[in-house]
Amino acid sequence: MPPDQASTAPPIISVSGLSKTYKSGFQALKSIDLDIRRGEIFALLGPNGAGKTTLISIICGIVNASGGNVLADGHDIARDYRAARTKIGLVPQELHTDAFETVWATVRFSRGLFGKSPNPAHLEKVLKDLSLWEKRDSKIMALSGGMKRRVLIAKALAHEPSILFLDEPTAGVDVELRHDMWQMVRRLRENGVTIILTTHYIEEAEEMADRVGVINKGELVLVEDKHVLMRKLGKKQLTLHLQTTMSAIPEALRDLPLELGENGQTLVYTFDTQAEETGIASLLRRLNEQGVDFKDLHSSESSLEDIFVSLVRSRA
């Protein structure tokens, strides 16, 4: 389903007031509200320890929430666990697989776990889509790391879920396999599966997602259309070290995206790398016209961590 149509449909996952506090007192999630649209690819971005895995583990019924509720395709994950869980496929980060089983046996077993009747034709299609058909009789222990990860995806898809969670799907995966997996995710979406992936790779979210959520320290800081967020991530800054201390930005320059450093010794100009014109040439000309001299300048691109810090600060 295209994103514009998905936005008008009822959410396939609805998370309300979700919180998680462990016995140690650590608060992993703080009142999360999130709707996932049917048929979209949603990327959950955040640094290690931000709460990404805790959030999806609760939605998938692996971890109990401390508060709030979750609906998966209309089913309450706590009150109607079996029906909700049947709708969900989960591909975990860790490569925990039954090493002595064959690919075919482990995928067939996964389907049976959900009470689904045997459907060899479906399993064959899943394995072919994942380039695993030729390996169906191979023992998992004999497969490469990339192939083992594909087996995890096949296991998650065996019972025909409408929602697929991918937890850091390309962590530790080489670039070629990463691109193969991106193509596979797009095919799944075309077949009607809603995809939620967690990642700390900006390029993965940029490549794959329709929308992006940013989670930091257990709080959902922002949920935004991918293109809007990537424009924010595409900001660069030019820092000019001034010859003389400045007490305020001159009136004639206040229409520019300039900030004066705390000590009055630097000017920071923020520009969009995706814009046709950065405006730097015009900036330097106008600084010269105002008699503002600088002794050094350097540019820097915002990191994901910078974005987190600025977003968290703006909500403090």
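On a 1 Å grid over the protein atoms alone, a pocket is an open set of points with protein on both sides within 12 Å along at least five of seven lines, while a cavity is a set of points where a 1.4 Å probe fits but cannot get out; lining residues have an atom within 4 Å of a point. Grid points are joined across faces, edges and corners, and a volume is the space filled by probe spheres set on the points. With that in hand, the largest pocket here comes out at about 250 Å³.

This is a predicted model, so local features need pLDDT of at least 70 and side-chain atom pairs count only at pLDDT 80 or more, while totals for chains, interfaces and linings use all residues. Residues are numbered from 1 along each chain as its sequence is written, and side-chain values use heavy atoms, with hydrogens and water left out.

**The largest pocket**

- Its lining is made of 14 residues, and Leu90, Pro92, Leu152, Lys155 and Ala156 lie nearest the centre.
- Strand S6 (88-91), helix H4 (103-113) and helix H6 (145-157) each give two or more residues to that lining; helices (H or I, at least four residues) and strands (E, at least two) are DSSP runs, numbered from the N terminus.
- By type, the pocket lining splits into 7 nonpolar, 4 polar and 3 charged residues. Ala, Val, Leu, Ile, Met, Phe, Trp, Tyr, Cys and Pro count as nonpolar, Asp, Glu, Lys and Arg as charged, and the others, Gly among them, as polar.

- Residues lining the largest cavity include Ile13, Val15, Phe42, Phe165 and Ile196.
- That lining is 11 nonpolar residues, with no polar and no charged ones.
- Strand S1 (11-21), strand S2 (27-37), strand S3 (41-45) and helix H2 (52-59) each supply at least two of the lining residues, and H2 gives the most, with 3.
- H2 is mostly covered, with 7 of its 8 residues buried; buried means under 20% relative accessible area, exposed over 50%, and partly exposed in between (1.4 Å probe, protein chains only).
- Lys52, Thr54 and Ser57 are among the buried residues of H2, along with Leu55, Ile56, Ile58 and Ile59.
- After H2 comes Gly61, with a positive phi near 80°.

**Nonpolar cores**

- The largest nonpolar core has 41 residues, and Leu127, Ile153, Leu164, Leu166, Ile195 and Val212 have the most contacts inside it. Such a core is a set of buried Ala, Val, Leu, Ile, Met, Phe, Trp, Tyr and Cys residues joined through side-chain atoms within 4.5 Å.
- A second, separate core has 26 residues, including Ala50, Ile59, Ile88 and Leu90.
- Leaving aside neighbours within four places in sequence, Leu127 is in contact with Val103, Trp104, Val107, Leu132, Trp133, Arg136 and Ala154; contact means heavy atoms within 4.5 Å.

- Buried residues in H4 are Val103, Trp104, Ala105, Thr106, Val107, Ser110 and Arg111.
- Helix H5 (120-129) and H6 are part of what covers them.
- Gly115 follows H4 and has a positive phi, near 75°.
- The model has 2 aromatic pairs. Rings of Phe, Tyr and Trp (its six-membered ring) pair if their centres lie within 6.5 Å; planes under 30 degrees apart count as stacked, over 60 as edge-to-face and the rest as tilted.
- Trp104 and Trp133 make an edge-to-face pair, 6.0 Å centre to centre with 75° between the planes.
- Because Trp104 sits in helix H4 and Trp133 in the loop between H5 and H6, the pair ties together parts that are 29 residues apart in sequence.
- Trp133 is buried, at 19% relative accessible area.
- Tyr269 and Phe271 form a stacked pair, 6.1 Å centre to centre with 20° between the planes, and both residues are buried.

- Thr245 is in the loop between strand S11 (235-242) and strand S12 (258-260), and counts as exposed because its relative accessibility is 56%.
- Not counting residues up to four places away in sequence, Thr245 touches Asn263, Gly264 and Gln265.
- Thr245 and Asn263 are 18 residues apart in sequence and 7.6 Å apart in space, C-alpha to C-alpha.
- Arg286 lies in helix H10 (residues 280-289) and is buried, with a relative accessible area of 17%.
- Leaving out residues up to four places away in sequence, Arg286 touches Ala252, Leu253, Asp255 and Leu256.
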